[in-house]
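These are my notes from a first reading of the structure shown below. I set down what I looked up, in the order in which I looked.

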Amino acid sequence: MYQTLLTSLENGIFTITINRPDKLNALNKQVFIDLNTALDEVYTNKEIKSVIITGSGTKAFVAGADISEFSSLTLEQSMALAKAGQDTFFRIENSPKPVVACVNGFALGGGCELAMSCHFRIASDNAKFGQPEVNLGLIPGYGGTQRLVQLIGKGRAMELLMSAGMIDAAAALQYGLVNYVVAQEDLLTKAIAILTVINTKAPLAVTKCIESANAVFDENKNGFDTEVKAFGFCFETEDMKEGTTAFLEKRKANFIGK
Ligand code: COA
């Protein structure tokens, strides 16, 4: 079904592995086609409760957009390329189900942008992050200039963007770009442990957490207003009745996502 991805679904966790290890999992057109198909699955398949995105092999998460596809693009084509990449990453950011990036090595350029579009990130201790586009006479085009500022602050982002510098996993942790740094062999286990907890929570409430937190960065939305509406929405759900009743009855809630 996929030319460039490996996927698996286990206990509600859908793992998407970008699988071009000989090209350090660089994002070519086919990866974007496959990613969008996988995202269709994430949005529609009720068996999927949460998602992990990672890279194949031990060296790279994703070493960027595929530079070999960059030559001879017209102005319109290059802008369309950036827009299509941004749209794919918006689908990840706005996914109704939690998406975690397991960064297992280089996350450069489009790879760093992909990781940043996920809801949070876990890195292996060999991970390296950077936006090296200025080395190519370019800038990030898949949301990197925006999300890097959101995640690590303007000063640090400016330095990384302008210098094409790379930071290691320890610095990424210190900057708040990743939530945890673990040994490579523990990377998926760590993500699965966190998602297994999240998957026991009320799914619609989890979706509303994503929507409300994302509203902070959406100039077309008032985040506090979004939160009020999401709060009200949750009150109308069967899961809210179940959650509050279970608490009062001193038992574990059994959520059904309604
Ligand atoms: N696009 C296309 N191909 C890429 C790629 C990219 N972004 N990143 C790596 N590759 C390919 C290399 O061309 C090489 O292919 P080949 O074996 O057919 O020649 C293969 O992946 C292995 O990469 P290589 O450069 O030999 O590995 P390395 O260990 O010497 O260096 C990096 C690793 C990540 C430092 C280096 O590959 C790199 O700088 N990549 C580009 C990063 C970048 O600028 N990304 C932003 C793009 S907008």
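How do the residues of the shell around the ligand divide into nonpolar, polar and charged? I note at the start that the model is predicted. I looked up the classes and found 10 nonpolar residues, one polar residue and five charged residues in the shell.

**Entry: the ligand.** I then asked which residues come nearest to the ligand. Of the 16 residues around the ligand, these are Lys 23, Lys 59, Ala 63, Ala 65 and Ile 67.

A side-chain N or O atom of Lys 59 lies 2.5 Å from an oxygen atom of the ligand. Ala 63 takes part through its backbone, where a polar atom is 3.0 Å from a nitrogen atom of the ligand. For Ile 67, I recorded 2.9 Å between a backbone N or O atom and a nitrogen atom of the ligand. On its own, the ligand has 860 Å² of accessible area, and the protein covers 59% of that area.

**Entry: two helices.** I turned to helix H2, residues 75-93, and helix H3, residues 110-117. At what angle do H2 and H3 pack? I found an angle of about 30°, with the axes 8 Å apart.

I then looked up which residues meet. From H2, I listed Phe 89, Ile 92 and Glu 93; from H3, I listed Gly 110, Glu 113, Leu 114 and Ser 117. By class, the residues of this contact of H2 with H3 are three nonpolar, two polar and two charged.

Methods: Residues are numbered from 1 along each chain as its sequence is written. This is a predicted model: local features need pLDDT of at least 70, side-chain atom pairs count only at pLDDT 80 or more; totals for chains, interfaces and linings use all residues. Side-chain values use heavy atoms; hydrogens and water are left out. A residue is near a molecule or strand if one of its heavy atoms lies within 4 Å of it. A polar contact is a pair of N or O atoms within 3.5 Å; within protein, one must be able to donate a hydrogen and the other to accept it, and residues adjacent in sequence count only if both atoms are side-chain atoms. Accessible areas come from the Shrake-Rupley method with a 1.4 Å probe; for residues, only the protein chains shown count as cover. Ala, Val, Leu, Ile, Met, Phe, Trp, Tyr, Cys and Pro count as nonpolar, Asp, Glu, Lys and Arg as charged, and the others, Gly among them, as polar. Axes are lines fitted to C-alpha atoms, for helices over the stretch in contact, and angles run from 0 to 180 degrees between N-to-C directions. Helices (H or I, at least four residues) and strands (E, at least two) are DSSP runs, numbered from the N terminus. Contact means heavy atoms within 4.5 Å.
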